Amino acid sequence: MANAVVRTRFAPSPTGIMHIGNLRSALYEYLIARVAGGHFILRIEDTDRERIVDGAVEAIYNTLQTCGLQHDEGPDIGGPFGPYIQSERLPTYRRYAIELVEQGDAYPCFCSIERLASLHEEQVGEAFIGYDRHCRDIDPADAAARIEAGESYVIRQKMPLDGETSFTDAVYGTIIVDNKTLEDQVLIKSDGYPTYNFANVVDDQLMGITHVVRGSEYLSSTPKYNLLYEAFGWEIPVYVHLPLIVGEDGRKLSKRHGATSFDELIDAGYLPEAIINMIAFLGWSPGNTTRENFTLEELESAFTISGINKAPAVFSYKKLNWMNEQYIKNLPDDKWCAMVKEKADPLFEEKPYDATMLAHVLKERTTRLSDIPETIAFMVETPTYTRDLFTLKRAKLNAEKAAVILDALITDMQMLPSWDESSLHDLFELAIVTQSRKKGEIMGAVRLALSGKTITPGGAIELAVILGRDESLSRIKNALTFLNESDVVSEPV
RNA sequence: GGCUCCGUGGUCAAGUGGUCAAGACGUCGCCCUCUCAAGGCGAAAACGGGAGUUCGACUCUCCUCGGAGUCACCA
C-alpha cells in the first residue's frame, strides 16, 4: 500500500444540490490525490432509485469543473475501472454478495418491511439491538427454495456475535467497537440494488482506491465495512474521516442555515476560487505558516492529511465575505471589468457609462457580486436633493456654499475640452485655488450633486467619469436649480 | 438511551511538557481621507471543570460536564 499510487474518489449520490460539505470532501479527496501525484476518481452512487433527482449528475460535473477539481476517471471520461455509475454495476455487486453468502458471511433475509417496522417500535426506549437476526439461521437449502419460489428477500451481512473490531483512522486515530453493537446490515436490497454499505466497499476495492476520504458521519459504521474487507480477504484502505461542517448553532449544516449549496453561494455572488479557499480552511490548516490565501494550485502542493482537524467547524459567512473581497481585489482588471459589466449593463440599458472607471471604483468596495446593482442604483436614477444632503461637517460645507461653488464651477466644466480623469482633476484643483476653498468643499459639493447620496462608491472625479459629460452636467444643473430655488432663508456664506 | 467522536477567544485555528498561549475573520479605537471603502496602527477577547502523573501541564492519565455523529431495504 505504501508504494501504491494514491487513488481517491469523490462518490456523491445524484440526489440534488451540491452541498458545501460534499464539495469540501471532493476538494480534500482531490488534494490528497494531487499532493501525492495520484489519481482522483468520480463515481456516481445512484443505488437509491427513489431519491434520484433529474439533472443532479450534470450539476456535479458543472460544480467540479467550475471549481477546477478535474477528475482523472469518471462516468463522463471513462477509465480502466468503469463503469463509474453504480446502477451499471449491479451484476458485480450480486456476484460478490453471493460469494459472501456461500462462504457463510452473509445470508438471505425474508423479513417484511412491516415486521422490521414493528421490531423498531418494540425497541423504542430500550437499548439498541437492531435487527433481531430472525433469518440468520435459516437452512441454506430452505432459503434457496424460497428464493426459487419468488419470495422477496434482501441479503444481510452476518456480523460476529462477540469480540471487537478496531481500525486506525488517519485523523481520528484508533477506534475500537464491540462487535455486538454491530447490526446485520443489508447488503443487497429487495429491488436488487446494493446499499451504500456494500457498494462502496466493493467499488473502492475494485477501483483500487487507496484512501477512503469521507465525512465523519461514517466513522461509526466503518468497522462494518472492515469486516467486509476481511471477509473478502481484501486489504483495508487508509481511512481519512473529515470533521463535520456545522452551522452557527453547532448542528450539521443544512438548508435552514442559509445558503449551503455551491450554487446558492455562486448566485449570492461569491467567486468559486474564494469558496474553494474558504472551505479548504474549514477543518484544515497548513500549520507552518499563518497565510490563509491559497489558490487551488497552491493547495495542491501544500495540503497535508496531518493538518486536518478533528473538531467540527462552523461555517462563517463573515469570513467568506472577507475571502471573497480578497479574491475580487486580486482579479485582473479586464476580468473584473467584464464581471461588473455583466451586472451594470442591464441597469444602464442604453445610457452610456464608463465601465472601466466603474470597475475600478467597485473593486475595493465589493463584497459579493450580487451587491453591485444596489450599490450603483443611484447612477441610473434621477437624484433627489435635500438641503441637508449638502451638509458636510468635516469639510464645513453646507447648502449655501454648495450653491456658490457649483455655480462658479459649471461654466468651466461645460467648457472642459476633454472629459477625463486628469482634466477633471486639474479643473477641480484650479477651482480650489481660484475659489479659495478647501478640497473637501469643492469635491464634496460636486460628489453630492452628482450622486444625491451621502455615501458613494468613489469620489467626485470618479463619478463624473463614470456618468459621462452629459449626465454629469445635467445633474449638476439640477442640483444648482434645487439649491437656488430652495434657498428660502439665505444664510451668510 | 447504546455506541463512537469532539472540546484553545464570538468564529476558523497554531501549539504536540517549560511560550508574556501565534495568526486570521469579526468587534472596538486611532490614523489616512471629498463620502464609503481599501490601507496602516492599536485594543479587548481563549486552553469547559475536577483529580492525578511531573520540578513543571493547553499538551499525558482518569473522572466529570457539555456538544455532535450514528443506530434504515439513505447515502
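**A sheet and its surroundings**

A: Strand β4 (residues 154–157) is joined to β7 by two bridges, and the two run antiparallel. Strands count as paired if DSSP finds at least two bridges between them. Ile 155 of this pairing stands opposite Ile 188 in β7. This is a predicted model; local features need pLDDT of at least 70 and side-chain atom pairs pLDDT 80 or more, while totals for chains, interfaces and linings use all residues. Residues are numbered from 1 along each chain as its sequence is written, chains are lettered from A and ligands numbered from 1 in the order written.

The pair belongs to an open sheet of three strands, ordered β3-β4-β7, with antiparallel pairing. Its edges are β3 (106–109) and β7 (186–188), each pairing on one side only. Neighbouring strands are turned by 40 degrees against each other on average, direction ignored. Elements are DSSP runs numbered from the N terminus: helices are H or I with at least four residues, strands are E with at least two.

Helix α3 (residues 90–102) lies across β3, β4 and β7. It runs at about 105 degrees to β3. Axes are lines fitted to C-alpha atoms, for helices over the stretch in contact; angles run from 0 to 180 degrees between N-to-C directions.

The loop between α2 (56–67) and α3 holds Gly 79. Gly 79 is partly exposed because 16 other C-beta atoms lie within 10 Å (20 or more would be buried, 12 or fewer exposed; C-beta atoms are placed from the backbone). Leaving out residues up to four places away in sequence, Gly 79 touches Glu 73, Gly 74 and Tyr 84 (contact: C-beta atoms, placed from the backbone, within 7 Å). Leu 253 is 174 residues from Gly 79 in sequence and 34 Å away in space, C-alpha to C-alpha.

Next, the RNA. RNA strand B is surrounded by 70 residues (near: C-beta atom, placed from the backbone, within 6 Å). Tyr 196, Thr 290, Ala 311, Met 443 and Gly 459 are the closest. Elements giving two or more residues to this surface include β6 (173–178), α6 (196–206) and α18 (460–485). Helix α17 gives the largest share, five residues.

Helix α18 also meets α15 (residues 399–415): their axes come within 9 Å and cross at roughly 145 degrees. Contacting residues include Leu 406 and Ile 410 of α15, and Leu 473 and Leu 480 of α18.

Notes
Contact = placed C-beta atoms within 7 Å.
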